[in-house]
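Subject: The structure you asked for

Hi,

Here is the structure, ready to open in your viewer. Have a look at it first, and then read on for what turned up.

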Amino acid sequence: MTLQNFMNEAISPWMQEEGPDSDIVLSSRIRLARNFANVPYPILADADKLEEIRDFFKTNYENQSFQNYEDFAFIAIKDLSSIEKRVLVEKHLISPHLVKNAETSAVLISENEQVSVMINEEDHIRIQLYFPGFQLAEGLEKVFEFDDWLEEKINYAFDESRGYLTSCPTNVGTGMRASVMMHLPALAMTKQINRMIPAINQLGLVVRGIYGEGSEAQGNIFQISNQITLGKSEHDIVDDLESVVRQLITHERNARSRIQEQSGTKLEDRIYRSYGVLENARIIESKEAAQCLSNVRLGIDLGLIKKVSRNILNELMILTQPGFLQHYQKQSLTANQRDILRATLIRERLQLEN
């Protein structure tokens, strides 16, 4: 696989599959933080040591395969343009933090983009594994197997009483972050989500936007993940998160039903107006596009819009991000130029589907 394979398609191959509860849960992710034993963390290590770690991964894992995760591509972040970096962030294949360490960082990405291994981010190793829909338990099983495969050649930093040792104390223990990406338009419309977020936080979980810490929940997409990694097993963490997510799914479905019963015409008007904007707008900002796409996706899930697939909405959520727009145009664009191109691409994509 080459870099261009990952750049040219907005929607990753694994995202084209349907998963459990995929009308509400877009994806499930398990992330593991790991470090080499007796090597300073990236924040303290000198450049030579970090380059040794990066080269170790290139030598041992480039073009390798593990089970269904085939043909891992090795990409050194320093070799990427600013637009290429942004596209990989927008596809959730790398983090913004990895970009900051560009001189010594890298990433391994499987052919289906379901697994990415960030090298020399905040920790030496950050393993990410994605599944479509609500599949945390399945993701946990697979990431354990993948972690064991890496550990055959790597001596991890581990303490018998503390667990896996990490750069940030909040990751010590399991080193695991489990998260789900959820589309919650009805809870947002009824403002119930504002009451639920503080309650979720009190349970040791955190609610963030689509791109994680510090990001806004555009398009009514929220990321829910664990905060606690020490003192609980990986299975306990997943069980706790699953319990909260199942409650959110129930609340969202109930809210959708109530809105249809009590304000059905207003809801339909909102959905079809959004579809009209996407189908006809000549200029559209990213925030408005995300809200309209959210409304149209809700219309698809409720059976009101039948001629557009969920996958196209997933694709457009990424395709209309700034990095992708500039990659598509093969040049840097001003905000106004991006807004015009965004509207054009959305119109063309919807016309193609029709």
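Helix H3 (residues 82-90) and helix H11 (residues 322-329) come together with their axes within 8 Å, crossing at roughly 130°. That angle makes H3 oblique to H11, and the crossing is left-handed. On the H3 side, the contact uses Ile83, Arg86, Val87 and Glu90. H11 brings Pro322, Gly323, Phe324, Gln326 and His327 to it. Before going further, keep in mind that this is a predicted model.

Now for the sheet. Eight strands make it up, in the order E2-E3-E4-E5-E1-E8-E10-E9. The sheet is open, and its pairing is antiparallel. Which strands sit at the edges? They are strand E2 (73-76) and strand E9 (205-208), each of which pairs on one side only. On average, neighbouring strands are turned by 20° against each other, if you ignore direction. As a reminder, strands of a sheet pair through backbone hydrogen bonds, either parallel or antiparallel.

Leu32 is a handy place to start, as it stands opposite Met176 in E8.

Two helices pack against this sheet. Helix H7 (residues 192-202) touches E9 and strand E10 (221-226), and its direction makes about 145° with that of E9. Helix H5 (residues 136-151) lies across E1, strand E4 (115-119), strand E5 (125-132) and E8, and it runs at about 145° to E5.

H5 also has a helix partner, H8. Their axes come within 10 Å and cross at roughly 160°; the cut-off for roughly antiparallel is over 145 degrees, so H5 and H8 fall in that class. This crossing is right-handed. Leu136, Ala137, Leu140 and Phe144 of H5 make the contact with Glu234, His235, Val238, Leu241 and Glu242 of H8.

H8 itself deserves a look. What is the span of this helix (residues 234-280) between its end C-alpha atoms? It is only 48 Å, whereas a straight helix of 47 residues would span 69 Å at 1.5 Å a residue.

Cheers

Definitions and conventions: Residues numbered from 1 in each chain as written. Predicted model: local features only at pLDDT ≥ 70, side-chain atom pairs only at ≥ 80, totals over all residues. Heavy atoms only, no water. Helix = DSSP H or I, 4+ residues; strand = E, 2+ residues; numbered from the N terminus. Expected span 1.5 Å × (residues − 1). Pairing = 2+ DSSP bridges. Axes fitted to C-alpha atoms, helices over the stretch in contact; angles between N-to-C directions. Contact = heavy atoms within 4.5 Å. Parallel < 35°, antiparallel > 145°, perpendicular 65-115°, else oblique. Left-handed = near helix turned anticlockwise from the far one by under 90°.
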